[in-house]
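I am opening a notebook page for this structure. I will write down each thing I looked up, one entry at a time.

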Amino acid sequence: MSPRVNDTVLTAGLWLGAGASGSVVLLIGGFLVWEAWPAFGEIGFAGFVRDASWHPSEGRFNVVPMVMASLLAMGGALLLAGPLGLLVAVFCGWYAPRPVAVVTRRVLELLAGVPSVVYGFWGLVTLVPLLGRWRPPGASLLAGTLILAVMVLPTVALLSEAALRQVPGAQVRGAAALGLRRWAVLWRVVIPGARGGIATASLLAAGRAIGETMAVLMVCGNVVQLPGFDSGGPFAPVRTLTANIALEMGYAFGAHRSALFVTGLMLLAVVVGLVGVASRFGSPRPRKWVRQGVAVG
Amino acid sequence: MRRGGVADGVAAAMVWASAVLVVGVFAWIVGDLVIGGVGQLSWAFLTAEPLDTGRAGGVGPILVSTGLILAVCLATAVPIGLAAAVVLSEAGEGFWARGVRRSLDVLAGVPSIVFGLFGNVFFCQVLGMGYSIAAGGLTLACMVLPIFVRSAEVGFRAVPEERRRAAAALAMSRTTTLFRVLLPGALPGLVVGLTLGVGRAGAETAALIFTSGFVDRMPESLGDSGRALSIHIFDLSMNVPGGDGNAYASALVLLGLLLLINLSASLLASRFCVERS
């Protein structure tokens, strides 16, 4: 083959691969909508909100308790992991001696790589019995929140640290020259300067927390109920949307199966929304390279 | 002492305390699993068939299934992801390329259980693969694609502009430029992406429950259902009373493998100055 034909084939192949990568998300959205469609007809939007309970075999599909459980677990995890992650980020960038900072960063990276099923297993054999001794049954919204907090902490810490580092050094030196102490420099100059990046970090962590399945499935107890104060508040077992899919997908059919796909679609929509908002705050991706199209047209 | 000094001291104490807390939790988790699992670990455990639904015996066939799922995943994700990364780094500012980038950003955030739903419909049912290693591997391929593309793109961008110009000045074709100049230069980024992808795929559970399934026999082909190590841990701890001992050992094996993979990814990344994720 002549080089020109070769090049045409290559370019076509590359764009084919790129197109395939780009269309995965469309395929996912498309098939989810396709499978969820019957539920909108049979159950309707009102059914998901107003039915008496979640008993798919009896045709009742109220998802509100599970939505609340998912949101509360996510919110609690962010409340814990957000400030803590930011402090750890500050530690790595400002307080720790260099070798300690390097080790801490490695630990964060390793924590980020621990599989969710291992977090879940650890929660099941260590955390849940511990909580159970204090306030039975142990498997609860609180257990799920704590595990989620540990899981999303590396995301918050690593991304926040990257954001803190992008604050211009001149501002930091200027603040120091004004006689501000270290914490004042951080609190008044560096952290406000990195607001956007920290917000992005929290949003991505929120996405991770709400989509997490295995860990919450293993430690939350999986009882479908509103996590209200009459039922024990944070110590009551709950079931999240994700756990519900994992538990029931194996035997669901008909409207039940469709309903599960509706909840999957809800998760997808929330995450797409979060990613969309996060990218508004400016992605950390460097954009300084402007290509002249040397290799691909 | 002035008031600012007190605040400074309190802040320093909190910062140090939070760092100690995080490292402590990590040590607690790893320590727990080591203490619980190291007694069961042996060569026999790694090679034997699981007996009595996993309470006794080992994880031999499960390790094989896990390996096969990962192999299918990489064999699919790497070529496609490589093409996408080249397009994004070399023509990354056009309309279509921006669309691909945006769509990969969203894909990176899709929850794993949603991948499971999609894989179950698309690969198991529409493409007729049933619960199989192939379906599980392909589902994971969709999942690791954004991770691999991101690292690979950084790798391609790290190739100095002068080399592209030199290649063009030598009248090298695009094909030659790609294979002789860009690919070798981007190798570190590709390796990091590959390692991160393996780390993510190996850790995955929720996406596999309804795609590769639970069968714990030795798989005979990619069309067989095969149980991944992560699913084995889940099943033993949730569905098999008395399975905790082997669950500990399996969790330790999985954790060890993944810590090793992720550690090498971050070491490689810092060695080659490639930005992680």
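Entry 1, chain B elements. I am working with a predicted model. I listed the secondary structure of chain B and found 11 helices and two strands. I then wrote out their order from the N terminus: α-α-β-β-α-α-α-α-α-α-α-α-α.

Entry 2, chain B extent and packing. I looked up the span of the C-alpha trace of chain B, and along its principal axes it comes to about 75 × 70 × 35 Å. Chain B has 277 residues, and I noted that 56% of them count as buried. Among contacts with a separation of 6 or more, 74% join residues 24 or more positions apart.

How many residues of chain A are in contact with chain B? I found 78 residues of chain A in contact with 79 residues of chain B.

Entry 4, confidence in chain A. I looked up the mean pLDDT of chain A, which is 87, and 93% of the residues of chain A reach 70 or more. One stretch I marked separately: over residues 283-297 of chain A, pLDDT stays under 50. For residues 283-297 of chain A the model still has 28 contacts beyond four places in sequence.

Methods. Residues numbered from 1 in each chain as written. Chains lettered and ligands numbered in written order. Predicted model: local features only at pLDDT ≥ 70, side-chain atom pairs only at ≥ 80, totals over all residues. Contact = placed C-beta atoms within 7 Å. pLDDT = per-residue confidence, 0-100. Helix = DSSP H or I, 4+ residues; strand = E, 2+ residues; numbered from the N terminus. Buried ≥ 20, exposed ≤ 12 C-beta atoms within 10 Å, placed from the backbone.
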